[in-house]
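Please look at the sequence and the structure first.

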Protein chains: 2
Amino acid sequence: MGKNNAFLPLIEKYFERDPVAAAHVLEAMSSSDAVEVLKTIPLSMTAQALRHVNDAFAAVLLQKMPRALFVRIANTLEVRQAANIFLQFPEDLRREFLELLEEKKKRQVQDLLIYPRDSAGQIMTVDFVAFHGDLKVKEAIQKIRYLAQHDSKASYIYVIDKEGRLIGILRMRDLLLTDGNTLLESIMHRDVFSVDCFMDREHVANELSKRNYFAVPVVDHEHILLGVIRAEQLIADVQEEAVEDIQKMFGASGDERAFSPVTFSLRTRLPWLHVNLMTAFLAAWVVSLFEDIIARITVLAVFLPVVAGQGGNAGAQSLAVVMRGIVMREIPPSRGKQLILKETFIGFINGLVIGVVTAAIALLWQGKPFLGLVVGLGMFVNLTIAGFAGALIPLTMKAVGLDPAQCSNIILTTVTDVMGFLSFLGFAVLFRGYLM
Amino acid sequence: MGKNNAFLPLIEKYFERDPVAAAHVLEAMSSSDAVEVLKTIPLSMTAQALRHVNDAFAAVLLQKMPRALFVRIANTLEVRQAANIFLQFPEDLRREFLELLEEKKKRQVQDLLIYPRDSAGQIMTVDFVAFHGDLKVKEAIQKIRYLAQHDSKASYIYVIDKEGRLIGILRMRDLLLTDGNTLLESIMHRDVFSVDCFMDREHVANELSKRNYFAVPVVDHEHILLGVIRAEQLIADVQEEAVEDIQKMFGASGDERAFSPVTFSLRTRLPWLHVNLMTAFLAAWVVSLFEDIIARITVLAVFLPVVAGQGGNAGAQSLAVVMRGIVMREIPPSRGKQLILKETFIGFINGLVIGVVTAAIALLWQGKPFLGLVVGLGMFVNLTIAGFAGALIPLTMKAVGLDPAQCSNIILTTVTDVMGFLSFLGFAVLFRGYLM
């Protein structure tokens, strides 16, 4: 970068004028180039730019920086972002980096890190405005005027009692419309919707979006006001949580990002590939039970991938629709059974249609009517089971408190492979007299 | 429900006190029971409850209602929700139901329906506050006081010129802190961030969450202010879009809900199952090319599902991580190639590890060293290709303007099945002398 120093004023101008666009440019660079840029520009701009870079990339950049620069930048970050970035570090580095922070910052970041992953407490911001109820409206306005200079994002005003318990809420507009000598407690809305600091972020998002609030206060079990969650913070969160489900269904870690280090990808994916391998051998073992008949009627081997692949995909359709319903909270517990029945019925009809089509193709291709019948029957049974399993697996996992996404597709394909081979090769044994 | 009329006052009380909870209870009922309840309670409560029911279920309920009741309820719905519910109707019913609305409501709903699906124009609300720049602060406050009685959700105040073009923005707080005789145009912020009415909602969500705004104005190409999108509206939208991707990957329609009618599920899933069937037969055809060697070495058939299943799952891990990166906009176009290389490398290493493990298991199970070698080599080649294809497929689909989710897993498993069988059985032919 040394030779580019003449461009420095230009770069600075850009970071100053449009930090969001500048952050996008940074994200498009390799991490070592991006670190070079951040080393060159003034510290205030670095912090500004990092605010708009996604947390995973910011974590990579911070890890690559000289320790001295890391310390200076990390101490300028907003507490919540610092905590989020720290969560992206490997466990051991997290502790080491935390020690580098200033005492106050360290404590604040630690406070956020103690809440469970994805809980309200972990994602809340502590940037909120809370006044006592005996404050006059004009005093409140004066305080807000002071805060306004600090560009606070606060939109609601929370009213707390002497112990810090949340007792009321006011909008800026309420202050606007009231005489200055009125006490806050006499105009505040007492019916405040708040969430517990341990509530899951998906649940918080759901409440916020159903109730049409753009921010919600977070309280502990004693109703003490701890922080605030704003709707726009949740957008990226819930989107992320939903796409993480796709990863988990196939046994990739929900934490993996497109540009995570290769070692992270390998460490998190390989264990699930081993699990999948074991289940694949289970399916192989089922096939091995039928080696005799395959030896005599080799063409059966040709249809193995058709029955298995089709069952896997039909089941995955059911799985995906049910997963969607779970994530969007569209499935009340009382209707779970109905949904399993519905998916089984869809599997039954899909099985009839695809079974007939498969039988017809097999007949036309191989010219053996009973081969067509065996493939068709195997397909029919497998697709019915696929619909049933595709709904049963995630609903059961959820009912027993497991994450319904976690490796659900691995479990599903095990079921469809095993049941597909069993039924297809089973029918082949049944009709073996007609097949040879 | 007739015999329950004594409970009516209780039910009414519940709907009045907590419409959100009441809506949840409705969603848990069968649709015909829910319709009975809605027929019984007063109209104002029906509209109130429907506001909190998810749009898909609301659409089902409205379709099941007597036409007269439908008309009365539909006309009390907020315009945006009415438009969203109408989008859930089948195309033909949409037109029929639209005709039932009052002229003004019909026009407003139609206006929202002309915007492309999932565009800013389609999801914006027209409930916003806009004043001309030459208004005095005290006049603005007076107007807001009037609007406050109508419980408007507006949080920002937009400033427009005579032609309705957006020229500035003010927060309630800005009015609070300024002398009443000041003109709005002298205190407004002129640097307004706005989005075009044709911008995709995922893009809007991304901008809003990056910039930390809780609402954004929507303008047309002449910069005329059309509406506003609030962050909390987007929460459910982006979450939905992300989970719809899971469905599309397996060839289920993004529109399908857990409780969509069975006919809808069948109509949208069966075509993709047929596509999948054709690709499965392509894989079967590859196997059929090797029928001779399978006839002589039957045990090869036993390992077919292991090679195919493992390749499919490893490829799906790559696909899921890349899909996540695309949805979260974490992959700048310039880094696409790097990502494909990275996933191929991960596939290479996974292939080495899983190849060795598979070879060892095959050897222990069947006692044939060269069978182990052939399975291991086939696995290694297939997992390397799986990593490559898992990244290449969605990135290519995106680059050519297709939806990267649409049936991407069906394409991927075709690649991993075909390449898996080709390499595994190809190696078997190569080493056939040692296998028998």
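A:Gln108 sits in helix α9 (residues 103-113) of chain A; helices (H or I, at least four residues) and strands (E, at least two) are DSSP runs, numbered from the N terminus. The model is predicted: local features need pLDDT of at least 70, side-chain atom pairs count only at pLDDT 80 or more, and totals for chains, interfaces and linings use all residues. Residues are numbered from 1 along each chain as its sequence is written, while chains are lettered from A and ligands numbered from 1 in the order in which they are written.

A:Gln108 is partly exposed because 18 other C-beta atoms lie within 10 Å (buried means 20 or more, exposed 12 or fewer, partly exposed in between, with C-beta atoms placed from the backbone). From A:Gln108 to A:Arg80 the C-alpha distance is 8.8 Å, at 28 residues apart in sequence.

In chain B, 3 strands make an open sheet of mixed pairing, in the order β4-β5-β6; two strands pair if DSSP finds at least two bridges between them. Its edge strands, β4 (195-196) and β6 (225-230), each pair on one side only. Strand β5 (residues 215-219) and β6 of chain B are antiparallel, with 5 bridges.

Angles run from 0 to 180 degrees between N-to-C directions, and axes are lines fitted to C-alpha atoms, for helices over the stretch in contact.

| Helix | Strands touched | Angle |
|---|---|---|
| α15(B), residues 231-249 | β5 and β6 of chain B | about 70 degrees to β6(B) |

Key. Two residues are in contact if their C-beta atoms, placed from the backbone, lie within 7 Å.
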